[in-house]
Structure formats: structure tokens, C-alpha cells
Amino acid sequence: MLTFKNYNIADWLSFYRIAAAPFLLVIIGLDHRLLFSCFLLISYLTDALDGYLARRLKITSPRGSQLDSFGDQITLIVGLVGLFYFEMAFIKIHLKLIIIAFIPYVSQMLIAYFKYGKATAFHTYLAKLSAILQSIFILFSLFFFPEKHLFYIMIIIGVLETIEEITLIFMYDNWASDVKGIYWALRDKRRLKE
């Protein structure tokens with residue numbers, strides 16, 4: 001049964017991102033680019049804030065990591081929907097590259113669900129860098145225009161991050177959260193006990 005009394009401030013910020021998603025989609029449907037961009041910026045800021053607060057207040061947990069990951073995925077999807085809607089010309093030109101970049105991402109999600117029954121929540125350094133680049137590219141595109149160099153860098157880092165996530169899935173027999181990367185996974189006591 002879902003109860004809300006045991007959730008902390010970082011969890012509530014993740015809930016905000018999840019709850020904001022339908023409203024952001026409505027704003028897209030109403031064709032309000034600036035309003036959508038502003039509220040998407042707030043969602044990205046809550047993403048940065050929840051991780052900081054969880055570490056600072058020492059309230060990290062596997063549940064919080066999973067909520068954060070789900071909120072990240074929902075926010076990314078909504079941001080991409082907005083980008084597709086408001087910058088269709090740019091998307092059409094780069095559609096093949098976008099599809100090629102999404103194949104490893106979808107594969108990683110499927111492998112995780114097949115192996116663990118849920119999405120990963122490794123939160124690697126590369127994943128954090130990729131998320132920052134994605135949010136910068138999406139927001140810059142929505143507030144100004146799509147910047148090609150940033151787009152290509154975002155795609156390259158995103159593919160590398162996805163490859164690292166797939167590698168980590170094969171390294172961990174059981175679901176684990178907060179793994180900084182492959183280097184740290186090699187020394188992770190949780191993995192060595194398996």
C-alpha cells in the first residue's frame with residue numbers, strides 16, 4: 001500500500017517531476033512554448049536539488065534512487081516530446097541519428113526490466129553528465145534554438161553512458177543503486193558478494 005508519511009524532501013521533489021509531466025504535456029498541447037520551457041526548467045532544477053539534498057541530509061535510499069530515476073525518465077520523455085513538437089524541422093533533419101542513439105537506450109531498459117524487473121538506478125558519473133547535457137540541449141533549444149555541436153556531444157555522451165549502463169547490468173546479478181561507474185563497480189562489495 002502506498003503511504004506518503006515516510007517520504008522525505010528529496011522523494012517529494014522526485015514526485016513533483018512525475019506529477020508535473022501531464023501538466024507539461026497539456027501546455028505543449030496548448031502550444032505555449034515559453035510556459036512549457038519555464039516549467040520544464042523547474043523540473044530539471046528539482047532533479048538537481050533532490051540529489052543534492054539526499055546526499056547533504058544523508059537521506060539516500062534505494063527507494064529514493066528508484067523514484068529519482070523514474071522522475072528523470074519521465075522528465076526526459078516530456079522534454080523530448082516538447083522538443084519534437086516545437087523544433088520539428090531540426091528533429092526531421094537529425095531523425096536517423098536520434099533513432100540510432102535511442103536503440104541502445106531502449107535495449108538497456110529492456111535488459112534491465114528482463115533481469116531486475118525494474119529500471120536501473122546506477123546514477124553513474126557518466127549518466128549525470130549525460131543528463132546535464134540533455135537538459136542543457138533541450139532547454140537551450142526551447143528558449144533559443146537547437147545548437148548542433150551541443151546536440152552531437154549530447155548524443156555521443158548519451159550512447160557511451162548507455163553502453164556503460166548495459167555493462168553494469170551484466171556485472172550485477174542483483175539490482176543495485178548508486179554505482180559511480182565501471183571502475184567503482186569492480187571494487188563494489190555488493191557485487192563481490194554475489
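**View 1. Aspartate 188, a buried residue in a loop.** At a relative accessibility of 12%, aspartate 188 counts as buried in this predicted model, because buried is taken to mean under 20% relative accessible area. Aspartate 188 is placed in the loop that runs between α8 (182-185) and α9 (189-192). Its side chain takes part in a polar contact of 2.5 Å with the side chain of tyrosine 172, and the side chain of aspartate 188 also makes a polar contact, at 2.9 Å, with the side chain of arginine 190. When neighbours within four places in sequence are left aside, the residues in contact with aspartate 188 are Tyr172 and Val179.

**View 2. The packing of helix α5 with helix α7.** Two packed helices are described by the angle between their axes and by the distance between those axes. Here helix α5 (residues 95-116) packs with helix α7 (residues 148-171) at an angle of about 20°, and the two axes lie 10 Å apart. That angle makes α5 roughly parallel to α7, since angles under 35 degrees are counted in this way. The crossing in which α5 passes α7 is left-handed. On the α5 side, the residues that meet α7 are Leu97, Ile98, Ala101, Pro104, Tyr105, Gln108, Ile111, Ala112, Lys115 and Tyr116, and on the α7 side they are Phe151, Tyr152, Ile155, Val159, Thr162, Glu165, Ile166, Leu168, Ile169 and Phe170. Sorted by class, the contact of α5 with α7 comprises 16 nonpolar, two polar and two charged residues.

**View 3. Leucine 34, an exposed residue in helix α2.** Leucine 34 lies in helix α2, which covers residues 33-56. With a relative accessibility of 57%, leucine 34 counts as exposed, because the exposed class is for values over 50%. Although 109 residues separate leucine 34 from phenylalanine 143 in sequence, the two are 7.1 Å apart in space, taken from C-alpha to C-alpha.

**View 4. Alanine 131, a partly exposed residue in helix α6.** Alanine 131 belongs to helix α6, which spans residues 125-143. Its relative accessible area is 30%, and alanine 131 is therefore partly exposed, a class that falls between the buried limit of 20% and the exposed limit of 50%. Alanine 131 and aspartate 72 are 59 residues apart along the chain, and a separation of 8.3 Å lies between their C-alpha atoms.

Conventions. Residues are numbered from 1 along each chain as its sequence is written. This is a predicted model: local features need pLDDT of at least 70, side-chain atom pairs count only at pLDDT 80 or more; totals for chains, interfaces and linings use all residues. Side-chain values use heavy atoms; hydrogens and water are left out. Helices (H or I, at least four residues) and strands (E, at least two) are DSSP runs, numbered from the N terminus. Buried means under 20% relative accessible area, exposed over 50%, partly exposed in between (1.4 Å probe, protein chains only). Axes are lines fitted to C-alpha atoms, for helices over the stretch in contact, and angles run from 0 to 180 degrees between N-to-C directions. Angles under 35 degrees count as roughly parallel, over 145 as roughly antiparallel, 65 to 115 as roughly perpendicular and the rest as oblique. A crossing is left-handed if the near helix is turned anticlockwise from the far one by less than a right angle, and right-handed if clockwise. Contact means heavy atoms within 4.5 Å. Ala, Val, Leu, Ile, Met, Phe, Trp, Tyr, Cys and Pro count as nonpolar, Asp, Glu, Lys and Arg as charged, and the others, Gly among them, as polar. A polar contact is a pair of N or O atoms within 3.5 Å; within protein, one must be able to donate a hydrogen and the other to accept it, and residues adjacent in sequence count only if both atoms are side-chain atoms.
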